[in-house]
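Me: I am new to this structure and would like to go through it by question and answer. Please show it first.

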Amino acid sequence: MRLFYYLSTCQTCNRIIRELDLDDSIQKIDIKINPINKHQLNYLYKIEGYYENLINKRAQLFKTLGLSNKVLEENDYKKLLLKHYTFLKRPLLVYDNYLFIGNSSKVTIEMKKFLSE
């Protein structure tokens with residue numbers, strides 16, 4: 001499975017898409033139009049091992065709901081990810097059994113290096 005989860009209205013995601021020059025073997029999924037489903041989330045969890053690592057804790061909704069100050073369990077993170085697209089950390093590149101999460105320069109460099117090999 002080769003997928004790139006992103007938000008089309010996010011300038012950072014669009015910049016990273018341009019930088020990576022993704023080929024046609026990688027399906028691009030705009031999470032606002034096609035929110036992540038249970039099957040996809042379970043697949044990501046199998047690779048990553050933690051729902052918490054998939055959570056965008058900088059999301060406005062995360063802060064608005066006061067979740068920054070609460071102790072959440074893995075099942076809580078799973079529910080949030082399925083509840084609203086904004087909770088998924090992005091962009092997220094799935095390439096077979098490899099997973100790259102987020103938009104830090106370190107992760108972007110790792111994605112570029114991996115895709116160029």
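**Burial, strands and core**

Me: In this predicted model, is T108 buried or exposed?
Reply: The relative accessible area of T108 is 4%. Buried means under 20%, so T108 counts as buried.

Me: Where does T108 lie, and which residues does T108 touch, leaving out those up to four places away in sequence?
Reply: T108 is part of helix α5. Setting aside residues up to four places away in sequence, its contacts are I16, E19, L20 and N103.

Me: Which strands are joined to β1 by bridges, and how do they run?
Reply: β2, residues 27-30, is joined to β1 by 4 bridges, and the two run parallel. Another strand, β3, is joined to β1 by 4 bridges, and this pair runs antiparallel. The names asked for are β2, parallel, and β3, antiparallel.

Me: What is the handedness of the β-α-β unit made by β1, α1 and β2?
Reply: The unit consists of β1, α1 and β2 in a β-α-β arrangement. Its handedness is right-handed.

Me: How many residues does the largest nonpolar core have?
Reply: Those with the most contacts inside this core are F4, Y5, L54 and L92. Elements that each supply at least two of its residues include β1, α1, β3 and α5. β1 itself is mostly covered, with 4 of its 5 residues buried. The size of the core is 40 residues.

Terms used
Residues numbered from 1 in each chain as written. Predicted model: local features only at pLDDT ≥ 70, side-chain atom pairs only at ≥ 80, totals over all residues. Heavy atoms only, no water. Core = buried A, V, L, I, M, F, W, Y, C linked by side-chain atoms within 4.5 Å. Buried < 20%, exposed > 50% of the residue type's maximum accessible area, 1.4 Å probe, protein only. Contact = heavy atoms within 4.5 Å. Pairing = 2+ DSSP bridges. Right-handed = clockwise from strand over helix to strand, strands pointing away.
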